[in-house]
Amino acid sequence: MKKRNKRLPLIISSSLVALLTMVAIFEPWLVLHDPHVINMAMKLQGFSATYPLGTDHLGRCVLSRLIAGARVSLFTTFSILIVTLIISLVVGIVAGYVGGMIDTVLMRVCDILLAMPNFIFALVIVGTLGGGLFNMFIGIVFVSWVWYARMIRNMVLSLKEAPFVKYAQVTGVSRFNIMRVHILPFVFPQIFLLKLIGLGSTILLISELSFLGLGVTAPLAEWGMMISDSKTYLLSNPMLMFIPGFMISLTVLLFNWFGDAVRDALDPKTL
Amino acid sequence: MQRFLVRRILSMILALWGVSLVAFFLIRVIPVDPVEAYFAINQIPASKESMDAIREKQGFNQPLLSQYANWMWHVFQLDFGKSFVSKLDVGKELISRFWITFGIASTALLFVVILSVTIGVLSAVKQNSLFDRLTRTSIFTIASMPSFWLAFILIYIVALKWGLLPLMGWGTWQHLILPSLTLALGISPYYIRLIRTSMIEQMQQPYVLYARARGLKENVIVRHHLFRGTLPPLLTSLAMTCGGLLGGAVIVEIVFTIPGIGRYILDSMGARDYVVLQGFILLIGFFYIAINFVADIMCAMIDPRIRLKGEGK
């Protein structure tokens, strides 16, 4: 009975994540109107049958832009997840397992990168590179791998002393193969889980940078940018600001919940 | 303690040096030529000769390393150069704006401490009560909201609908409330959770049981035994939070149109005023490193296990 209770949040949250991902993937078939087409004759319309969530200051369909925004946000978030995962795994495992000078140098680099607050560092990098989707991606990746690389390195340090690693060393397995076959499978699930829990904050970071005009740029639609566009209409059309923000919060909430649910489901202590 | 201090100071110097490297080289890797940008900003028709003259004057045609040494030499004399756009001294400009941001951030910190200590302690003491469950749900929700959206909602409700506080801008103490409250709301959930968990964990400790056995009043136990134990983890996290506060302040300044460092830095980015950016990276890096340093020292003073780590083996 208890076990079923534990699975329930995981099932619900993962199906909602899947649903959202589906919406992002099938965006071109789901949008009611072209999210980028400007139609000044239809600007700032209220809710209606043709425009379920109204139109923005350039007459673009809000619902379609929300769906298009889901695609941009999720696509960027997942790419960031994959790239930071790879970088932090490589750096962390090499630093931890090979050790010596390489470890010292890599960890000092991490120290330096951690000497700046995350958001400000990302902001400065994206700002100097000149904004845009790709530069935002670089900026966020640049600040996100460091902390995880450190975690992995510390995990590897204790794994290094494990009997099965010692055995592999004695039997002459190459360094690369030990890292690949014996270390990676142990480290990966834990780091993947940590990254999963951190997905929500990546989504927030993307929307914040886009809100500042440094991330996703027009004509692409993004939730943070939609809020930024709507700020002049706060008094006359507050919905333009409420709806995209609600979507961001809901998505972040969903991913946070999903991360927690996965962690709880995997954690033997709470069984 | 001495060895701990020496080690900590050495690593601080290393971090500061690293920040200076980042500040210097980040600007050099951008695809835009700063001299061309300079001409574009000031709307001077760029000729080959005039651009070369500026390059000569600013030292851009020297090798990178000597440029770096030269720049560091000026930085040590607290000369951060002059802005490309306003021609004013970057150090002074940054510091004057930094105080505004600092004001918002520290008021927010005050709000964070008040909110999270009261709510955190209450929900730990009344564990699993309705209040506790409501808090848990609402902090989970608030933590998912982007700060700029929260800011707009506060503006909409408090300033537009109720007309209680000024909408935007800067000047009086009323202008300080909404921005710092926005910042605080974003950060408090983390602390409420931290305080609650830490206090609940300690309720199982023998010294709390002993205090109960001695017949101490419940609120004496809460204040003297439970709350004091949450201080060390709280201190370390607060230092980390200062970074988040500064970052959050940048966004909040944009929403509330406050002329702080965030506004300044975004404008400078738009104008490719790289001298300002360099100064900004140095200033924030220095501030953040210094705060972490102080927090570490304070923790080491409270907790002997930290300062003795690695010693006496």
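## Across the interface

A polar contact is a pair of N or O atoms within 3.5 Å; within protein, one atom must be able to donate a hydrogen and the other to accept it, and residues adjacent in sequence count only if both atoms are side-chain atoms. With that rule, and with both residues at pLDDT 80 or more, 1 residue pair in polar contact turns up across the interface of chain A and chain B. As for salt bridges, the count between the two chains is 0. Keep in mind that this is a predicted model.

How much area is buried between chain A and chain B? It comes to about 3500 Å², and carbon and sulfur atoms give 85% of that. In chain A, the residues that lose the most area to chain B are Ile112(A), Thr128(A) and Leu234(A), together 16% of what that side buries. The contact draws on 39 residues from chain A and 40 residues from chain B.

## Chain A's side of the contact

Now for the parts of chain A that do the touching. Helices H4 (100-113), H5 (118-129), H8 (175-211), H9 (223-230) and H10 (239-266) of chain A are the elements that give two or more residues to the side facing chain B. Of these, H10(A) supplies the largest share, with 11 residues. Sorted by type, the residues on this side of chain A are 27 nonpolar, 8 polar and 4 charged.

## A buried arginine in chain A

Let's zoom in on one residue. Arg153(A) sits in helix H6 of chain A, which covers residues 133-159. Is Arg153(A) buried or exposed? Its relative accessibility is 18%, so Arg153(A) counts as buried, the cut-off being under 20%.

What is around Arg153(A)? Setting aside neighbours within four places in sequence, Arg153(A) is in contact with Gly92(A), Ala95(A), Gly96(A), Asp103(A) and Met107(A). The side chain of Arg153(A) also makes a polar contact of 3.2 Å with the side chain of Asn154(A).

## What the record says about chain B

An unreviewed UniProt entry places the feature "domain: ABC transmembrane type-1" at residues 98-299 of chain B. In the model, that span is 83% helix and 0% strand, and its end C-alpha atoms lie 27 Å apart.

UniProt (unreviewed entry) also places the feature "transmembrane region" at several stretches of chain B, including residues 98-125 and 137-160. Residues 98-125 of chain B are 100% helix and 0% strand, with end C-alpha atoms 39 Å apart. For residues 137-160 of chain B, the figures are 88% helix and 0% strand, and the end C-alpha atoms are 27 Å apart.

Note on methods. Residues are numbered from 1 along each chain as its sequence is written. Chains are lettered from A and ligands numbered from 1 in the order in which they are written. This is a predicted model: local features need pLDDT of at least 70, side-chain atom pairs count only at pLDDT 80 or more; totals for chains, interfaces and linings use all residues. Side-chain values use heavy atoms; hydrogens and water are left out. Contact means heavy atoms within 4.5 Å. Buried area is the accessible area (1.4 Å probe) that two parts lose on being put together, summed over both. A salt bridge is a side-chain nitrogen of Lys or Arg within 4 Å of a carboxyl oxygen of Asp or Glu. Helices (H or I, at least four residues) and strands (E, at least two) are DSSP runs, numbered from the N terminus. Ala, Val, Leu, Ile, Met, Phe, Trp, Tyr, Cys and Pro count as nonpolar, Asp, Glu, Lys and Arg as charged, and the others, Gly among them, as polar. UniProt positions are given in the numbering used here, feature names are shortened, and annotations may be inferred rather than shown by experiment. Buried means under 20% relative accessible area, exposed over 50%, partly exposed in between (1.4 Å probe, protein chains only).
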